[in-house]
Amino acid sequence: MSAQPLCHLHELANPGSREVKIADESFLVVRRGQALFAYRNRCPHTGAPLNLMPNRFLDYDRQYIQCSTHGALFQIESGKCIAGPCAGQYLESMPCHIENGALHLEET
Ligand code: FES
């Protein structure tokens, strides 16, 4: 996968999230402060996309990533599920870095 910007910091609320599609693959990007986190949009419980609504990945208090299907909660920074049917499992983190305010996936 080539390095390409997924999104810019200023495009996201703080905290906030959005979906990015690259070559038919769906990713979610979450902002907290000046940090951005990227994960593959796939719940470890069933493999379903995490969101039902466009760009809605966070819980009501915007403290956790929440799966819309069965409500599993994931830590924003680590992707670890801390409540729900897949507790202890992780979202698939996408290696990335911030450059000039934009989030880029690492080349693999
Ligand atoms: S599909 Fe995500 S918690 Fe069940």
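# Close-up views of an all-strand predicted model

**Figure 1. Overview of the protein.** Among contacts in the protein between residues at least 6 apart in sequence, 41% join residues at least 24 apart; two residues are in contact if their C-beta atoms, placed from the backbone, lie within 7 Å. This is a predicted model, in which local features need pLDDT of at least 70 and side-chain atom pairs count only at pLDDT 80 or more, whereas totals for chains, interfaces and linings use all residues. Residues are numbered from 1 along each chain as its sequence is written. The protein contains nine strands and zero helices. Helices (H or I, at least four residues) and strands (E, at least two) are DSSP runs, numbered from the N terminus. The C-alpha atoms occupy a box of roughly 35 × 25 × 25 Å along the principal axes. The radius of gyration, taken over C-alpha atoms, is compared with a globule rule of 2.2 Å times the number of residues to the power 0.38. For 108 residues a compact globule would have a value near 13 Å, and the protein agrees, with 13 Å.

**Figure 2. The open sheet β1-β9-β8.** Three strands form this open sheet, and their pairing is antiparallel. Strands β1 and β8 stand at the edges with a single partner strand each, so one side of each is left without a neighbour in the sheet. Neighbouring strands are turned by 25° against each other on average, direction ignored. Such angles are taken between axes, which are lines fitted to C-alpha atoms (for helices over the stretch in contact), and run from 0 to 180 degrees between N-to-C directions. Two strands pair if DSSP finds at least two bridges between them. Strand β1 (residues 5–8) is joined to β9 (residues 102–105) by three bridges, and H8 has A102 as its bridge partner in β9. In a regular strand the side chains alternate between the two faces of the sheet.

Figure 3. Strand β8 (residues 96–99) pairs with β9 in the antiparallel sense over four bridges. The bridge partners in β9 include L105 for C96, L103 for I98 and A102 for E99. Two residues lie between the strands of this hairpin, and N100 in the turn has a positive phi of about 50°.

**Figure 4. The open sheet β5-β6-β7.** Three strands form this open sheet, again with antiparallel pairing. The edge strands are β5 (64–66) and β7 (81–83), each of which pairs on one side only. From one strand to the next, the twist averages 40°. Two bridges join β6 (residues 73–75) to β7, and L73 has A83 as its bridge partner in β7.

Figure 5. A residue is buried if 20 or more other C-beta atoms lie within 10 Å of its own, exposed if 12 or fewer, and partly exposed in between, with C-beta atoms placed from the backbone. Of the 108 residues of the protein, 27% count as buried. A nonpolar core is a set of buried Ala, Val, Leu, Ile, Met, Phe, Trp, Tyr and Cys residues joined through C-beta atoms within 7 Å. The largest such core has 22 residues, and those with the most contacts inside it are F27, L28, V29, V30, A38, Y39 and I65. Strands β3 (25–32) and β4 (35–40) are the elements that give two or more residues to this core. Leaving aside neighbours within four places in sequence, I65 is in contact with V30, L50, F57, L58, F74 and I76.

**Figure 6. The surroundings of M94.** Residue M94 lies in the loop between β7 and β8. It counts as buried because 22 C-beta neighbours lie inside 10 Å. Leaving aside neighbours within four places in sequence, M94 is in contact with F27, A38, Y39, R40 and L105. The C-alpha atoms of M94 and V20 are separated by 12 Å, although these residues are 74 residues apart along the chain.

Figure 7. Most residues other than glycine have a negative phi, and most peptide bonds are trans. The peptide bond from N14 to P15 is cis, with omega near -5°; P15 lies in the loop between β1 and β2 (16–22). In the loop between β2 and β3, D24 has a positive phi of about 70° although it is not a glycine. With 5 C-beta neighbours inside 10 Å, D24 counts as exposed. In the loop between β4 and β5, R62 has a positive phi of about 55° and is likewise not a glycine. With 17 C-beta neighbours inside 10 Å, R62 counts as partly exposed.
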